[in-house]
Amino acid sequence: MDNMKLPHQHGEGQQTVLIQKQLDHVDYFQTVAEVFKQLGDTTRIRIFWLLCHQEECVLNISDMLHMSSPAVSHHLRPLKNSGLIVCRREGKEVYYQAADTEQGRLLHQMIEQVMEITCPEL
């Protein structure tokens, strides 16, 4: 790998070797793509953003987003499976909130910052 030759040499040297080693870990990039895929849907972003700010049950999420409970549950499932949200049961009611993880906090910050940049009127 140290003797790596690119079609065009631009004096990259050791930095190119280090970058190539990272690029060869396709599985790492696949994991990142899966996380971004979870938030590639407007409804999931809205649900995740809401749950970053407060814990809610499906009925309240449904009402706040003007959606049916089954539709909300459909979006909660992949968010939960990916570890972005967690839930707890209290009697018959299930409450959801964003997972208190580094990944969850980072994604919440990214959403907030992108909203500030793209929607300055908020």
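**View 1. Aspartate 100 and its salt bridge with arginine 105.** Aspartate 100 is exposed, with a relative accessible area of 66%; exposed means over 50% relative accessible area, buried under 20%, and partly exposed in between (1.4 Å probe, protein chains only). Its side chain meets that of arginine 105 in a salt bridge, at 2.6 Å from N to O. A salt bridge is a side-chain nitrogen of Lys or Arg within 4 Å of a carboxyl oxygen of Asp or Glu. Arginine 105 is partly exposed, with a relative accessible area of 42%. By this rule the count of salt bridges comes to four. The model is predicted: local features need pLDDT of at least 70, side-chain atom pairs count only at pLDDT 80 or more, and totals for chains, interfaces and linings use all residues. Residues are numbered from 1 along each chain as its sequence is written, and side-chain values use heavy atoms, with hydrogens and water left out.

**View 2. The salt-bridge network of Glu55, Arg88 and Glu90.** These residues, Glu55, Arg88 and Glu90, are linked in a network of salt bridges. The side chains of arginine 88 and glutamate 55 meet at 2.8 Å, N to O. This pair links distant parts of the chain, 33 residues apart: arginine 88 lies in strand S2 (residues 85–90), and glutamate 55 in the loop between H3 and strand S1 (56–57). Helices (H or I, at least four residues) and strands (E, at least two) are DSSP runs, numbered from the N terminus. Arginine 88 also forms a salt bridge with glutamate 90, at 2.7 Å from N to O. Arginine 88 is partly exposed at 35% relative accessible area; glutamate 55 is partly exposed at 28%, and glutamate 90 is partly exposed at 46%.

**View 3. The length and buried side of helix H3.** Helix H3 has twelve residues (residues 42–53), which at 1.5 Å a residue should span 16 Å; the end C-alpha atoms are 17 Å apart, which agrees. The expected span of a helix is 1.5 Å times one less than its number of residues. The buried residues of H3 are Thr43, Arg44, Ile47, Phe48, Leu50 and Leu51. They cover an arc of only 160 degrees around the axis, and therefore lie on the same side of H3; the arc is that of the directions from the helix axis to the C-beta atoms.

**View 4. Aspartate 41 at the start of H3.** Here a side-chain oxygen of aspartate 41 reaches to within 2.9 Å of the backbone nitrogen of threonine 43.

Notes:
Polar contact = N/O pair within 3.5 Å; in protein donor to acceptor, adjacent residues only side chain to side chain.
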